[in-house]
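Me: Could you help me learn to read a protein fold? I'd like to begin with the strands and then turn to the helices.

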Amino acid sequence: MKILLLGPQGSGKGTQAKRIAEEYGLAHVSTGDMLRAEAASESDLGRRVGEIMSRGDLVPDDLMVDIIRNRLDRDDARDGFILDGFPRTDAQAEALEAMLAETGRDLDVVFELQVGDETSVERMRGRAQTEGRADDTEEAMRRRLELYHRETAPLSQRYLARGILVGIHGERTVDEVFAEIQRTLDELESRSVA
Ligand code: AMP
């Protein structure tokens, strides 16, 4: 199964992606985690990426597309993956479609975790206290949300038009959200077996 998760910061995307990956044996591809690892390595690239991230800005599309291309080429992602944090722009979405098409693959379903801005900000602030990420300053949090609305949220239209978008009400417990995702995935699995 090839799954994409869309949703603003604090929508529970990362948490749900991890659970889906475990439950269904899929590769969890989190660009945020990959970039944080690169930043921690203190390579030249890591330093550049770290600066961009701490402002809450987006890392350039061409770099992101290279990172994803390499990741999706690895064996563990051949048959199934869950994308968490990519694509975030039109250009990334186009590139993803093209690279999947090259290998005869396509997305099966796109979940959009829907939460309001207030919940999103509240959850980001909560996480800032426990995790203390470099991009958890008020200014970066505002910037991340602004970019989500401007660049990423419109991507849902593309998947809606293709009939693979499933909206999920995200202002509920982790278990409730996961149960709803599971219902959709189990239905998809039974359809593909039938
Ligand atoms: P996340 O953990 O998904 O919230 O990502 C943390 C930060 O990494 C973002 O605020 C961006 O600076 C950067 N980032 C992650 N994924 C992408 C992407 N697909 N395109 C551009 N920047 C990204």
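Predicted model: local features only at pLDDT ≥ 70, side-chain atom pairs only at ≥ 80, totals over all residues.

Me: In what order do the strands of the open sheet come?

Reply: A sheet is read by going from neighbour to neighbour. Here 5 strands form an open sheet with parallel pairing, and the order is β2-β3-β1-β4-β5. At the edges are β2 (27-30) and β5 (165-169), each of which pairs on one side only. From one strand to the next, the twist averages 20°.

Me: How many bridges join β1 to β4?

Reply: Strand β1 (residues 2-6) runs parallel to strand β4 (residues 109-114), and 4 bridges join them. To find one of these on your screen, look for Leu 5, whose bridge partner in β4 is Phe 111.

Me: Which strands does helix α4 lie across?

Reply: Helix α4 (residues 61-72) lies across β2 and β3 (81-84), and its direction is at about 170° to β2.

Me: Why do α1 and α9 count as oblique to each other?

Reply: For two helices, look at the angle between their directions. Helix α1 (residues 13-24) packs against helix α9 (residues 174-193) at about 45°, their axes being 11 Å apart. Angles from 65 to 115 degrees count as roughly perpendicular and those under 35 as roughly parallel, so this pair is oblique. The contact includes Ile 20 and Tyr 24 of α1, with Phe 178 and Leu 185 among the residues of α9. By type, the contact residues divide into 7 nonpolar, 3 polar and 5 charged.

Me: What is the handedness of the crossing where α1 passes α9?

Reply: That crossing of α1 and α9 is right-handed.

Methods
Residues numbered from 1 in each chain as written. Heavy atoms only, no water. Pairing = 2+ DSSP bridges. Axes fitted to C-alpha atoms, helices over the stretch in contact; angles between N-to-C directions. Contact = heavy atoms within 4.5 Å. Parallel < 35°, antiparallel > 145°, perpendicular 65-115°, else oblique. Left-handed = near helix turned anticlockwise from the far one by under 90°. Nonpolar A, V, L, I, M, F, W, Y, C, P; charged D, E, K, R; others polar.
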